[in-house]
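Biologist: I would like to learn how to read a model like this one. Can we go through it feature by feature?

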Amino acid sequence: MGRKYLISQYLESIPLFMIVEEYLRQRAEDPKNTYRALKVDLMHYCDYLAETYRRGVGTLIFNDATKSTIEAWREKCLQDSSPRTVARRIAHVKVFFKFITEKHYAFNPAQDIKSPTLDKLKFKALTDKQYDQLLINIEKLPVRNWFLILLLLNTGIRREEARTITIGNLSEDWKWLENVKGKGNKKRNIPLNKEFRRSILRYMDWRKQYPMGLEYPLLVSNNSAKKSKPDSWRLNGKTVYRIVNDALKEVTTDDLAHPHTLRHTFARRSLASIGAKITNASKALTMVKEMLGHSSIETTMIYLNNDKNEILELMEDFA
């Protein structure tokens with residue numbers, strides 16, 4: 001009896017929830033929002049299995065997860081959720097089964113599962129007029145809130161990234177945010193323009209009233225903060241959302257009044273600015289991709305105009 005058979009038999013006989021917990025331990029260092037979505041999606045599938053088999057979640061084993069149950073779960077999800085949400089759930093389930101089955105030499109029931117077809121990705125960014133008005137409006141905000149919005153506008157970082165970056169991520173010359181940890185624990189460096197560096201000077205002059213160690217968050221909140229625990233000085237994610245939401249509601253509609261609108265705005269403006277300065281258009285697309293931390297160039301392409309000639313030009317020499 002071969003080793004592969006023995007390990008596979010072991011995996012297929014233990015409770016499914018234990019296998020899920022094993023996988024989540026491997027992903028514990030993921031950004032908070034990514035980890036939470038992953039856990040919710042995996043448990044959503046487990047709950048569906050329990051309902052299908054009319055058994056408790058704790059009694060499920062690996063063999064209960066089959067291609068047919070995953071496909072049926074996908075169809076049920078499509079009745080209640082958007083195709084994009086279902087696509088995310090399917091992606092999380094597929095990566096879970098791929099990781100576990102490769103590690104334990106077992107058959108992967110999700111290997112051939114297809115995600116729902118999605119319409120072309122769309123994004124919503126601030127217009128130039130809205131952008132200019134926002135810059136005027138935020139001058140009246142407290143320094144930290146003013147700086148938060150400028151940080152998002154000038155770097156395109158995500159809400160979770162903004163609240164977790166530290167003073168140590170800021171290069172000594174203030175020209176870079178270094179080793180910013182994004183989705184999948186991937187790290188990237190983001191350049192900081194001259195105008196924004198002036199804003200950093202004003203902010204850091206204000207921030208010096210709080211602990212300035214490299215391990216302390218760049219954006220601070222002293223609610224329940226303890227000097228001995230740098231992480232306790234971080235802004236809450238809901239606070240970041242509220243600050244941005246309040247500011248954006250003054251210049252745009254409610255559906256755009258959230259932090260990701262600032263990320264979209266940064267991406268669109270950066271692509272236009274870089275593309276105007278270099279002759280290699282595909283290089284411009286690659287540069288924006290790296291700054292945003294996208295894993296695929298296709299994701300970055302949503303920031304192009306819906307012009308086939310423009311897309312063709314950019315991708316002609318892309319490698």
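Biologist: Which residues do ring pairs link into a cluster?

Modeller: Start with the rule. Rings of Phe, Tyr and Trp (its six-membered ring) pair if their centres lie within 6.5 Å; planes under 30 degrees apart count as stacked, over 60 as edge-to-face and the rest as tilted. Here ring pairs join Tyr23, Tyr45, Phe62, Trp73, Phe96, Phe97 and Phe99 into a cluster. A word on the source: this is a predicted model, where local features need pLDDT of at least 70, side-chain atom pairs count only at pLDDT 80 or more, and totals for chains, interfaces and linings use all residues. Residues are numbered from 1 along each chain as its sequence is written, and side-chain values use heavy atoms, with hydrogens and water left out.

Biologist: How many aromatic pairs does a search of the whole structure find?

Modeller: The search gives 12 aromatic pairs. Take tyrosine 216 and tryptophan 233: the ring centres are 6.4 Å apart and the planes sit at 75 degrees, so this pair is edge-to-face. Both residues lie in the loop between α9 and α10, 17 residues apart. Helix and strand labels follow DSSP runs (helices H or I, at least four residues; strands E, at least two), numbered from the N terminus.

Biologist: Are tyrosine 216 and tryptophan 233 buried or exposed?

Modeller: Buried means under 20%, exposed over 50%, partly exposed in between (1.4 Å probe, protein chains only). Tyrosine 216 has 8% and is buried. Tryptophan 233 is buried too, at 9%. Serine 221 lies in that loop between α9 and α10, and is buried at 10%.

Biologist: What is serine 221 in contact with?

Modeller: Contact means heavy atoms within 4.5 Å. Leaving aside neighbours within four places in sequence, serine 221 contacts Arg144, Ser232, Trp233, Arg234 and Leu235.

Biologist: Which residues have the most contacts inside the largest nonpolar core?

Modeller: General idea: in soluble globular proteins, nonpolar side chains tend to be buried together. A nonpolar core is a set of buried Ala, Val, Leu, Ile, Met, Phe, Trp, Tyr and Cys residues joined through side-chain atoms within 4.5 Å. The largest one has 41 residues, and Leu134, Phe147, Ile149, Leu151 and Leu262 have the most contacts inside it. At least two residues of this core come from each of α6 (128-137), α7 (143-155), β1 (176-181), α9 and α10. The most come from α7, with nine residues. Leucine 262 touches Leu126, Leu134, Ile149, Leu152, Leu153, Val244 and Leu248, not counting residues up to four places away in sequence. Another core, of 29 residues, lies apart from the largest one and includes Leu11, Leu24, Ala50 and Phe96.

Biologist: How many residues of α7 are buried?

Modeller: In α7, 13 of 13 residues are buried. The expected span of a helix is 1.5 Å times one less than its number of residues. For the 13 residues of α7 that gives 18 Å, and the end C-alpha atoms are 18 Å apart, which agrees. Just after α7, glycine 156 has a positive phi of about 70 degrees.

Biologist: How many salt bridges are there?

Modeller: Side chains of opposite charge can pair when their charged atoms come close. A salt bridge is a side-chain nitrogen of Lys or Arg within 4 Å of a carboxyl oxygen of Asp or Glu. The count is 17. Arginine 163 pairs with glutamate 160 at 2.9 Å, N to O. These two are three residues apart in helix α8 (residues 159-164), so about one helical turn separates them. Arginine 163 is buried at 12%, and glutamate 160 is buried at 13%.

Biologist: Which residue forms a salt bridge with glutamate 195?

Modeller: The partner is arginine 198, with the closest N and O atoms 2.6 Å apart. Glutamate 195 is exposed at 52%, whereas arginine 198 is partly exposed at 49%.

Biologist: What lies over the face of tryptophan 146?

Modeller: A charge sits over a ring if NZ of Lys or CZ of Arg is within 6 Å of the ring centre and within 35 degrees of the ring normal. Arginine 202 lies over tryptophan 146, at 4.0 Å from the ring centre. The charged end of arginine 269 sits over tyrosine 131, 3.6 Å from the centre of the ring.
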